[in-house]
Amino acid sequence: PHTAPRSETQYKQFFQKYPYLREEVNPNCGRIDLPVSPVCNIQCHFCKRGLNKEQNQSNSVILRPDQAFRVLDDALALWPEIITVGIAGPGDTLASPHALETFRLVHSKYPKLGKCLNTNGLLLREKAEALAEAGVNMISVNMNAVNVGILAQICSYVLHDNKYMTGEIAARWLILAQVAGIRATADLGMAVKINTVLIPGVNDHHISEVAKVAAQVGARFMNIMPLVPQHKFSDRRSPTDQELNAAKMAAERYLPCCCHSSTPGGMLKTSG
Ligand code: SF4
């Protein structure tokens with residue numbers, strides 16, 4: 001079983017084992033994010049990716065894996081204190097092969113760098129072994145609900161294997177994929193963190209359930225982010241500081257929180 005650290009001593013041991021997790025707690029630590037993932041396979045109501053309608057593709061700056069690798073080389077020459085490479089978007093990192101390709105290149109030259117991948121989790125189970133082989137040692141999963149009725153209010157569609165799903169069918173598919181993906185990557189020794197966007201009136205009374213389920217299947221940390229009202233949620237409001245604190249306290253019954261209250265809702269991404 002994967003147990004989240006609870007005491008000071010357990011935290012110390014945990015960070016000795018996963019030193020690259022420190023920058024999740026201290027964003028000033030050395031980390032570089034490489035924007036290599038152009039597309040997404042789901043649509044969250046709060047995410048405005050600036051889609052190219054033909055390809056469901058983000059218009060943000062995207063690097064090819066070889067370009068990203070050269071950027072990392074140059075960055076390490078200038079800032080040797082970088083200890084972690086992250087890939088978080090701007091689309092989903094597993095919806096195209098670019099993130100895996102980039103991590104393979106990075107791992108072949110820099111096996112000791114921490115490697116973090118952020119994903120919505122739809123393809124996490126099927127890519128788990130490939131991620132481990134590419135040296136990925138930390139996964140962040142965007143998990144906003146574990147109840148199909150609630151998730152159906154947050155996610156408008158899921159696209160998997162040429163199947164386009166909406167409503168509760170899409171929500172059920174995504175939750176089951178996330179749970180299987182968290183379990184598989186945790187079993188392979190990766191540290192799994194959950195990112196949850198707090199959306200007043202939608203999932204604010206559901207945060208402890210998300211933390212509970214995530215902890216049960218192997219997650220070690222949770223990050224609760226305030227909604228930034230945009231796209232289909234542009235008429236909703238951000239949570240107050242009190243609401244964020246209440247959500248954090250509810251979650252911490254099951255998972256330690258490393259809340260970045262200034263991080264915008266949506267994926268923790270480098271661009272887009
Ligand atoms: Fe995709 Fe992430 Fe945007 Fe959701 S927030 S639609 S998972 S890119």
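These legends walk through several close-up views of a predicted model.

**View 1. The whole chain, before zooming in.** Start with the overall tally: the secondary structure comes to nine helices and eleven strands. The chain has 272 residues, and 48% of them count as buried. Now take the contacts in the chain with a separation of 6 or more: residues 24 or more positions apart account for 76% of those.

**View 2. The six-stranded sheet.** Here six strands form an open sheet, and their order is β1-β5-β6-β7-β10-β11, with parallel pairing. β1 and β11 sit at the edges, each pairing on one side only. On average, neighbouring strands of this sheet are turned by 20° against each other, direction ignored. Over at the β11 end, six bridges join β10 to β11, and the two run parallel. To find your place there, look for Val197, which stands opposite Met225 in β11.

**View 3. Strand β6 and its two partners.** How many of the six residues of β6 are buried? Six of the six are, so to speak, under cover: the strand is mostly covered. Gly114, Cys116 and Asn118 point one way, while Lys115, Leu117 and Thr119 point the other way, and all are buried. β6 pairs with strand β5 (residues 84-87) in the parallel sense over four bridges, and Ile87 stands opposite Leu117 in β6. β6 also pairs with β7, again parallel and over four bridges; there, the bridge partner of Thr119 is Val141 in β7.

**View 4. Two crossovers that share β6.** Follow the chain from strand to helix to strand. β5, α4 and β6 make a right-handed β-α-β unit. β6, α5 and β7 make a right-handed β-α-β unit too.

**View 5. Helix α5 and what covers it.** Which residues of helix α5 (residues 124-133) are buried? They are Leu124, Lys127, Ala128 and Leu131. Seen down the axis of α5, these buried residues fall within an arc of 145°, so they line one face of the helix. The spacing makes sense, because an α-helix has 3.6 residues a turn, so residues three or four places apart point the same way. Among the elements that cover the buried residues of α5 are α4 (98-109), β6 (114-119), β7 (138-142) and α7. Just after the helix, look for Gly135, which takes a positive phi of about 85°.

**View 6. Helix α9, one side in and one side out.** In helix α9 (residues 241-251), the buried residues are Leu244, Ala247, Lys248, Ala250 and Ala251. They cover an arc of only 160° around the axis, which puts them on the same side of α9. On the other side, Asp241, Gln242 and Met249 are exposed. What do the buried residues of α9 pack against? They pack against β10 (191-198), α8 (207-216) and β11 (221-226). Zoom in on Ala251: leaving aside its neighbours within four places in sequence, Ala251 is in contact with Ile207, Ser208, Ala211, Met222, Ile224 and Cys257.

**View 7. The largest nonpolar core.** This core has 77 residues, and Leu174, Ala214, Met222, Ala251 and Leu255 touch the most other members. Helix α7 (residues 167-187) gives the most to this core, with nine residues.

View 8. Strand β8 (residues 155-160) and β9 pair in the antiparallel sense over four bridges, and the bridge partner of Leu159 in β9 is Tyr164.

**View 9. Pro38 in a loop.** Pro38 has its place in the loop between β1 (31-33) and β2. Is Pro38 buried or exposed? It has 23 C-beta neighbours inside 10 Å, so Pro38 counts as buried. Leu63 lies 25 residues apart from Pro38 along the chain, and their C-alpha atoms are separated by 9.0 Å.

Key:
Residues numbered from 1 in each chain as written. Predicted model: local features only at pLDDT ≥ 70, side-chain atom pairs only at ≥ 80, totals over all residues. Core = buried A, V, L, I, M, F, W, Y, C linked by C-beta atoms within 7 Å. Buried ≥ 20, exposed ≤ 12 C-beta atoms within 10 Å, placed from the backbone. Contact = placed C-beta atoms within 7 Å. Arc of directions from axis to C-beta. Pairing = 2+ DSSP bridges. Right-handed = clockwise from strand over helix to strand, strands pointing away. Axes fitted to C-alpha atoms, helices over the stretch in contact; angles between N-to-C directions.
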